[in-house]
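I am opening my notebook on a structure that is new to me. I will write down what I look up, entry by entry.

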Amino acid sequence: MTTETPLTGKVALVAGATRGAGRAIAVQLGAAGATVYATGRTTREQVSEVGRATETIEETAELVTAAGGEGIAVPTDHLEPGQVRALVGRIERDHGRLDILVNDIWGGNFLLDFNTKMWDVELDRGLRMLDLGAKSHIITSSIALPLLVKQPGGLVIEVTDGTAETNKGFRENFYYDLAKNAPIRMAFILGEELKSVGATAVAVTPGFIRSEEMLDIFGLTEETWRDGIDKQPHWALSESPLYLGRGVAALAADPERARWNGQSLSSGELAREYGVTDADGSRPDVWAYIMAEKAAEAPEKAGDKPSMDDYR
């Protein structure tokens, strides 16, 4: 093992690795030398309810291998315990171990009705968000953790939107709020349970992420994303999925990562701690900016508005 590939010999499962942060995390774990099982519902043969055929788990696995790891694509619906059991059984047969579990399952953006009262949201629509953002994580952890805890040093990463601090505020949709706060609490609870066996659980969040889906919404590409700043000022502090991917890979390679056990960390915090940057060399921290912006608006904390330049 070299310093460039500190995760050589480690086996990771990235649940929800089809696109966005999940794909980037899988690729960066591979770049650090890990064997990565990339799972999701969209393959070259079938498309999930998200409706995006342009990103597949096979492509993610190929990117992992190209980055220097070993990528293995396994189609899996993480709401189906039988499929998750088959997946974990395969990992155990092939490697006898699981070192890193990343719960990045979501795919519920198309269900969002921001600024809609809870009682005006269709119940089935809201419950589906909770299934995708919380129940899927619970099923996966329940089935995968017995393998992960067979040896000390395991790591569980819960990917969500926001940290415990930023999510104290209103997230504008009852079901989305619950779905994105649940993984934060899961990491805390699992951290308490895992520390007795020498394992760690951490929740992580990207900032304003330029995922494939988000770029399409804005009608932009990774090359033209700055054109979106006029439509949404916070877009100036946006980040590519690579940013969180690098932060998570650095966290996974940190022999002292237990100090983060049970906590929630943003991509900006990971970048400061581990010295990683986005592809363009920047270190955006939109969550810190939003919190500073809110503090400046509070009467008891009145002061100058924060400058975005201080959070790039």
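Which charged end sits over the ring of W106? I looked, and K180 is the residue. Its charged end lies 3.9 Å from the ring centre. I note at the outset that this is a predicted model.

**Entry: charges and rings**

I found another charge placed over a ring. The charged end of R210 sits over the ring of W225. Here I read 4.0 Å to the ring centre.

I went back to W106. Ring pairs join W106 to a cluster with F114 and Y176. So what does the whole structure hold in the way of aromatic pairs? My search of it gave seven.

I then checked where the two residues lie. F114 is in the loop between strand 4 (100-103) and helix 4 (123-148). Y176 is in helix 5 (residues 174-194).

Y176 has 6% and counts as buried.

I looked up one more pair, Y289 and Y311. The ring centres are 5.6 Å apart and the planes are at 70°, so this pair is edge-to-face. Y289 lies in helix 9 (residues 286-297), and Y311 lies in the segment after helix 9. The pair therefore ties together parts that are 22 residues apart in sequence. I also noted Y289 as buried, at 7% relative accessibility.

In what order do the strands of the open sheet stand? I read 3-2-1-4-5-6-7, seven strands with parallel pairing. Strand 3 (70-75) and strand 7 are at the edges. Each has a single partner strand, so one side of each has no neighbour in the sheet. On average, neighbouring strands are turned by 20° against each other, direction ignored.

Six bridges join strand 2 (residues 35-40) to strand 3. The bridge partner of T35 there is E70.

Then I looked for helices packed on the sheet. Helix 1 (residues 20-31) touches strand 1 (11-15), strand 2, strand 4 and strand 5. Its direction makes about 170° with that of strand 1. Helix 4 also packs on the sheet, touching strand 1, strand 4 and strand 5. Helix 4 makes about 180° with the direction of strand 4.

**Entry: strand 6**

How many of the six residues of strand 6 (residues 200-205) are buried? I counted six of the six, so the strand is largely enclosed by the rest of the structure. In a regular strand, side chains alternate between the two faces of the sheet. I checked the directions here. T200, V202 and V204 point one way, and A201, A203 and T205 point the other way.

I then looked at the partners of strand 6. Five bridges join it to strand 5 (residues 155-159), running parallel. V156 stands opposite A201. Between strand 5 and strand 6 the chain crosses through helix 5, and this β-α-β crossover is right-handed. Three bridges join strand 6 to strand 7 (residues 264-266), again parallel. There, T205 stands opposite S266.

Note on methods:
Residues numbered from 1 in each chain as written. Predicted model: local features only at pLDDT ≥ 70, side-chain atom pairs only at ≥ 80, totals over all residues. Heavy atoms only, no water. Phe/Tyr/Trp six-rings, centres within 6.5 Å; stacked < 30°, edge-to-face > 60°. Helix = DSSP H or I, 4+ residues; strand = E, 2+ residues; numbered from the N terminus. Buried < 20%, exposed > 50% of the residue type's maximum accessible area, 1.4 Å probe, protein only. Lys NZ or Arg CZ within 6 Å of the ring centre and 35° of its normal. Pairing = 2+ DSSP bridges. Right-handed = clockwise from strand over helix to strand, strands pointing away. Axes fitted to C-alpha atoms, helices over the stretch in contact; angles between N-to-C directions. Contact = heavy atoms within 4.5 Å.
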